[in-house]
Every structure is written in structure tokens, then in C-alpha cells.
Amino acid sequence: MRTLPRPRGPLSSALLNLLERDDPSRAPELADRMEQSPVDPDIFFDEDLQLCLFVLYELHYSGFDSVADRWEWNTDLLQLRSRIEERFETRIMQSIPAIPRVEANAQSVAEALSAMVEAAPGRSVADFVARRATIDQVREFLVHKSIYQLKEADPHTWAIPRLGGRAKSALVEIQGDEYGNGLPGRMHSQLFARTMAGLDLDGEFGAYIDRIPAIVLASVNLMSLFGLQRRHRGAICGHLAIYEMTSSLPNAKYARGFRRLGFGAPVTDYFDEHVEADAVHEQIAARDLAGGLVEAEPQVAGNVFLGAAAALLLDGLAGTWQVDTWESGATTLLPAAEVPA
Amino acid sequence: MSATPGTSITLCPHGPLLVRGDFELLDAMGLTVDPRRGTVALCRCGGSLIKPFCDGTHKLLEFQAPDPTAARAPNIDDHPRSPT
């Protein structure tokens, strides 16, 4: 990212200050400061903690232009990250429904994932975009999506060396498509940047970080939480299966919404591509990736379903919040110049 | 390495036909249809708006694919004809 985000509370202020000053001697006090901060029962909506997590994870992706690369493996920052993750994981475990127990075969895993999708609560952003969203609201929709879609597929790619056989082959097959099958212009992240350009939005990753609220960051942080840790290799596969299984039909609706507002190619290319690609990916992800992994390592089945349930939970919360906010006539973006308390 | 066929077609339960490997997709005139990716999902429910490719509509239609093993023992009574 070009610039560091603005702080959103005491912990993110301390963290960003540390990175800006490039002063590792002050890093040890950060984890202590985290312990002193009040426990917010809803870390999903905690602006300060979700922004800290986002910044700490981003050090592992493309980093920040002004921050030295060596911060990625600073042990004090890793400790801080681990403490925030502990609260994040606890909250997730408290909020998801019971994990299904199924036979360790691909078909049973795929069926259980489908049943989870069917049962998932949450309001549909896709229906809202298809039928009712204004031009300002679809621009907000793209801004929220940009914090993942401009690096689409990256968090799941971390899992590749941790898998073997059928599951690995399936993940590489899906990711190959996500990254354009050798054609950079077909990378899904680049298709998304062209969609943004069509609505006069900045397609540089992180350009809108200061406008994107905690619940949206939480849904992206979730992927990094699972993707960066071997113990969550099941969860990141379950997460991807859910993303692929809930993509084709919503993307057709997004495309319809943008056409209703008068847009065509290349703005709609991103959504049209996902209708077709994800109809393929959902079959591979549910059966060969998640199912193949459970067949090879039955002990990670619970972790696969945890990842699936967490994906549905956070996207459900974010979607419901987004539609409720739009219906109330308000903006879903954080204020441009103010820093929330 | 085990010998694997050059092309595989997976019957996804209540979903599309997943075609992997070396294949060519041709229209009725014999012209190539660009598959745009290595593995494609071909519509089996008939409801896709982007045929021949799948767009997930089978889920909305609650498409029930026939049991693939049943197709091996065709019974004339299973094929109702329109009255003449």
C-alpha cells in the first residue's frame, strides 16, 4: 500500500506511530497496551482492533511503501497479532452454529457445506444491488469490496504448500483461474480495478482504507487469520469453498444491478466472469479441495467447517449491516476526514 | 505415474458436467467455442443463461440429476412419449 491508514483508537495509534518512526525499541510495550485495553465483546465491530489486525497482516502481503520489510517478522508485532487473534477467534467460536459431523468423504463434505449455505442468515447485498441500489450506493459497494478484490485470491494461496494430492491440485486449479491463467489482464484483481475505473474510483489497493469500517475489515482479516497459519489450513479451504459456493448467483445479480444503472463492459466484466468461473470453482472447491482435504486428513474436518461457518457468519453480518444502513438512508463509509473514537 | 485419461467428465450431483483435460468445444457448425479456462462446467439442468456453461441456476431450480447408474439399464417405460 502507498500510505499507512489513519489510526482509529489508542492501539492503532501506537502501532502506526511505531511503524512510522521505524523504532523497534518501542515495540515490546504494544502487547502490554493491548492487555490494558478494555475487552470489547464485539471485536467484529471494533475499529481500533480490526485496523491493527489489517495493518499487521498487510506486512505479510505487499506491505506499505513507508515501512521497512523487516517489520514483517518483528516478534513483538507477531505477539501483538497473536493476542488480537485470540480475541477474534474466541468471538468467532462463540458466534457460529454447531459444526457438522460427517463421514470423511468428499461427497458428504460437499453436501454438508451446501446445507450450511442454505441455512446461513443475513441480508442479501446482491438483491439490493440488483434492484434498488443508487449510483452512490454501488460506488460504496465497490469501495468495500476493493479491500479484498484488489488482492483477490491471495489469502487462500498461502495454503498451497500446506496441502497435498487432490486438495493441492484443486486449489492450484482454482487459483490459476483467479490469477488469469497466465494473462495478467484476466486476473480477477485487474478485472475489478477496471470495474472501479469505470465508476471513477481509484483501483490502487488500499486507496480507500480510511473509509472502510471494522466489520468489512473483519471479513478480510478472517482470511488472513486462516491463510497465514498452518493449523488453520482446513479453515482457509472451507472458507474458499463457501466463497465459491456463494458467488455465481450473487454475481449475476451484481451484473444486473450495474446494467440497470446503465453500465456495460468493461464495468460488468468482473461480475460476468465470476458467474461463469465460480460455477466451475464451486464444484472443485467443495468436492476436490475441502472434500479432498478431509479425505486425506480426516482430523481437520472440524477446522474445514469452522472456516466455512466463519465465512458465512462474517459475510452475513457485513451484508446485513450494509443493507440496513442503506435502507436507513445513511452512508456505509466512514467519514472522509474524521477519525472515529 | 498412473495412466489417466486425457479428458475426464465429472457428473456433479444435481449440478453441471465438469470437463477437465484435453478437449475441444465445438458448436453445430464445427466452430470452436472458447472455453476461456482449462476446466469448464457445462449446464445440465437446462436453466443456465450462459449455456453451454453453468451459471449456478440448477440450485434455484433444485435440479435433480438422474442416478447415473440407472442410465445403464434403460427401460422403455421410463421414456414417456407424447400422445399421438
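First, the conventions. Residues are numbered from 1 along each chain as its sequence is written, and chains are lettered from A and ligands numbered from 1 in the order in which they are written. Because the model is predicted, local features need pLDDT of at least 70 and side-chain atom pairs count only at pLDDT 80 or more, while totals for chains, interfaces and linings use all residues; side-chain values use heavy atoms, with hydrogens and water left out.

Chain B, then. Along the sequence it runs β-β-β-α, that is, one helix and three strands. Helices here are DSSP runs of H or I, at least four residues, and strands are runs of E, at least two, numbered from the N terminus. Of the 84 residues in chain B, 25% are buried, meaning under 20% relative accessible area with a 1.4 Å probe, protein chains only. The accessible surface of chain B is about 6100 Å², with 59% of it on carbon and sulfur atoms; such areas come from the Shrake-Rupley method with a 1.4 Å probe, and for residues only the protein chains shown count as cover.

Now the interface. On the chain B side, 21 residues are in contact with 19 residues of chain A, contact being heavy atoms within 4.5 Å. Together the two chains bury about 1600 Å², 49% of it on carbon and sulfur atoms. Buried area is the accessible area (1.4 Å probe) that two parts lose on being put together, summed over both. Which residues of chain B lose the most area to chain A? They are B:R36, B:R37 and B:K59, together 35% of what that side buries.

The rule finds eight salt bridges across this interface, each a side-chain nitrogen of Lys or Arg within 4 Å of a carboxyl oxygen of Asp or Glu. One salt bridge joins the side chains of B:R36 and A:E276, at 3.5 Å from N to O. On the chain B side, β2 (17-21), β3 (40-42) and α1 (57-61) each supply at least two residues. The largest share, four residues, comes from α1(B).

Last, A:D22. This residue sits in the loop between α1 (10-21) and α2 (28-36) of chain A. Is A:D22 buried or partly exposed? A:D22 counts as partly exposed because its relative accessibility is 34%, and that class lies between the 20% limit for buried and the 50% above which a residue is exposed. Leaving out residues up to four places away in sequence, A:D22 touches A:A68, A:R70 and A:W71.
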